Amino acid sequence: NNSPNAENVERKLEAKVSTQIVDTKQNNDKSPESIPSSLSPLQEEGKNIVVFKDGIAFKEQDILNDINQSQDQYKQKMSFDDVKLYFAFKAAYEKILQDEVKKSNIEREEAVIKSIEKMQRSVATFSYMNDQVSKLMTKDALHKFYDETWDKHIKGTQQISLVLVNGLDKTQADKLAKEAKSIEKLNEIIKSFKDKGNKTITTTPLDDYPEGGFPPEIIKEIKARGTNSIVGPYQIQGVFSLFFVKSIHPAVKKPFSDEIERQYKQVANRDFTNKYIDSLIEKHKVTIYDLNGDKFDSKKKDDAKSKKQPILSNIKENQVIAKIGEKISLQMRDLYDMFNVKSLDNELFGSMAIQLKIGIEEVIQSAIKLCVQDKLLEMEIKDCNYMKLPKVKQKLNKIKQQQLRRAYFSKTVKITEADAKKEYNKYIKMMKPSDKDDQEISVRMAFYSTKEDAERS
């Protein structure tokens, strides 16, 4: 289903499934807040930087990759010695934990083994699909996508150049809205705010921004106000922001360049991913079914809406949701397992339907397509022995070690209710009074397992 609603559903469902995938890219260890982008690559040296009692030592070249890959990761300044020291501690920390995990025998536990295998499959699937989609996004393919996107969505529209101003209080926002009649006056007033101590104000220029990139109500106001005008202010959690409109002009198509290619790799990713998945569906002769058990055709959405939908609680977990060729069938239980739910009445599907203002059946149908996609990618990975490639094996081993550390901590470190309340109270005290009402429930949710527990706290 290529409708905007279906795409939004798929993105949100993928986010739910990929949460763990995204988490595995992050380390629970505290990262340095800043590393200079100009940091020179560390040359391999034989100097020991960590020595253990058992005689094992780490040398500078052992952390060479970590240091060199971190160069563009942080913006603020940090000394080169501090960077090396951080990664030395990190390497030592990981070895100590690895030794403790090994002594605990936790990797022999069935639940941990299954958790590792599931995570490794998820990461391999995510990585494989990215590899395949990247192969499709050649320079010529992106050039064609750029031309088609321009003709379909941008040609004949307008582009807006403006400045986004964030971090204002109400008085400052009102003053700008009343007095900033030119870009020079805007900058003058903002400078006076900063001179008086407001260091939170930021200005972001947005030049030649397509009108389709704005919500309809905002673009309507921009056009009504015209150039050299303020649109807003808008309030979010006690902080105000606004736009200063510099110019409004007909969209002008730029020649395809390396910079546009780079930008459109992000824009086109969804489109090329859909094309790749559609090719797999055709290759493996997939038939997808709706909740009534009939063949699902995304091109006949109106027919599907007119059908009487079954009672979700009556759908059995062995109901077939898709067939791959003649021999493989996916059942509703496969969808349950993928999204870690026990029924279609789960809050995940219902809340998404409410948020997107569509029927829950449409949400579930998109979930079924994602389930099919996951199975097809699993088959492709197996056919090409993708998980045996050296770079993939190295990545999966890192996933294994991370999962083992998490399982070890989960088993050995117990967090009491008193611990949670102590941390919760600390975060509440750190909040600005203007943010407290909006953010307090979010902080509660971070420290309590359910909304009910959070509210009772």
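Phe 214 is buried in this predicted model, with a relative accessible area of 9%, where buried denotes under 20% relative accessible area, exposed over 50% and partly exposed the range in between, for a 1.4 Å probe and protein chains only. Because the model is predicted, local features need a pLDDT of at least 70 and side-chain atom pairs count only at pLDDT 80 or more, whereas totals for chains, interfaces and linings use all residues. Residues are numbered from 1 along each chain as its sequence is written, and side-chain values use heavy atoms, with hydrogens and water left out.

The structure holds ten aromatic pairs, for which rings of Phe, Tyr and Trp (its six-membered ring) must have centres within 6.5 Å, planes under 30 degrees apart counting as stacked, over 60 as edge-to-face and the rest as tilted. Since Phe 214 lies in the loop between E4 and H8 and Phe 243 in strand E6, the pair ties together parts that are 29 residues apart in sequence; helices (H or I, at least four residues) and strands (E, at least two) are DSSP runs numbered from the N terminus. Phe 243 counts as buried at 10% relative accessibility. The rings of Phe 243 and Tyr 234 are also edge-to-face, because their centres are 6.4 Å apart and their planes stand at 65 degrees, and Tyr 234 counts as partly exposed at 26% relative accessibility. Elsewhere, ring pairs link Phe 145, Tyr 146, Phe 256, Tyr 264 and Phe 272 into a cluster.

Four strands form an open antiparallel sheet in the order E4-E3-E6-E5, two strands being paired if DSSP finds at least two bridges between them. The edge strands, E4 and E5 (229-236), each pair on one side only, and neighbouring strands are turned by 20 degrees against each other on average, direction ignored. Strand E3 (residues 158-168) is mostly covered, with nine of its eleven residues buried; nine bridges join E3 to the antiparallel strand E6 (residues 239-250), and seven bridges join E3 to E4 (residues 202-210), again in the antiparallel sense. Leu 162 stands opposite Val 245 in E6, while its bridge partner in E4 is Leu 206. Helix H7 (residues 183-195) packs on the sheet, touching E3, E4, E5 and E6, and its direction makes about 15 degrees with that of E3, axes being lines fitted to C-alpha atoms, for helices over the stretch in contact, and angles running from 0 to 180 degrees between N-to-C directions.

Glu 211, placed in the loop between E4 and helix H8 (216-225), is buried, with a relative accessible area of 18%. The side chain of Glu 211 reaches the backbone nitrogen of Gln 158 at 2.8 Å. With neighbours within four places in sequence left aside, Glu 211 is in contact (heavy atoms within 4.5 Å) with Thr 157, Gln 158, Ile 160, Ile 219 and Lys 223.

The largest nonpolar core has 60 residues, those with the most contacts inside it being Leu 335, Leu 344 and Phe 349; a nonpolar core is a set of buried Ala, Val, Leu, Ile, Met, Phe, Trp, Tyr and Cys residues joined through side-chain atoms within 4.5 Å. Helix H14 (residues 360-383) gives the most to this core, with twelve residues. A second, separate core of 15 residues includes Val 165, Ile 190, Ile 201 and Phe 244.

Conventions
Polar contact = N/O pair within 3.5 Å; in protein donor to acceptor, adjacent residues only side chain to side chain.
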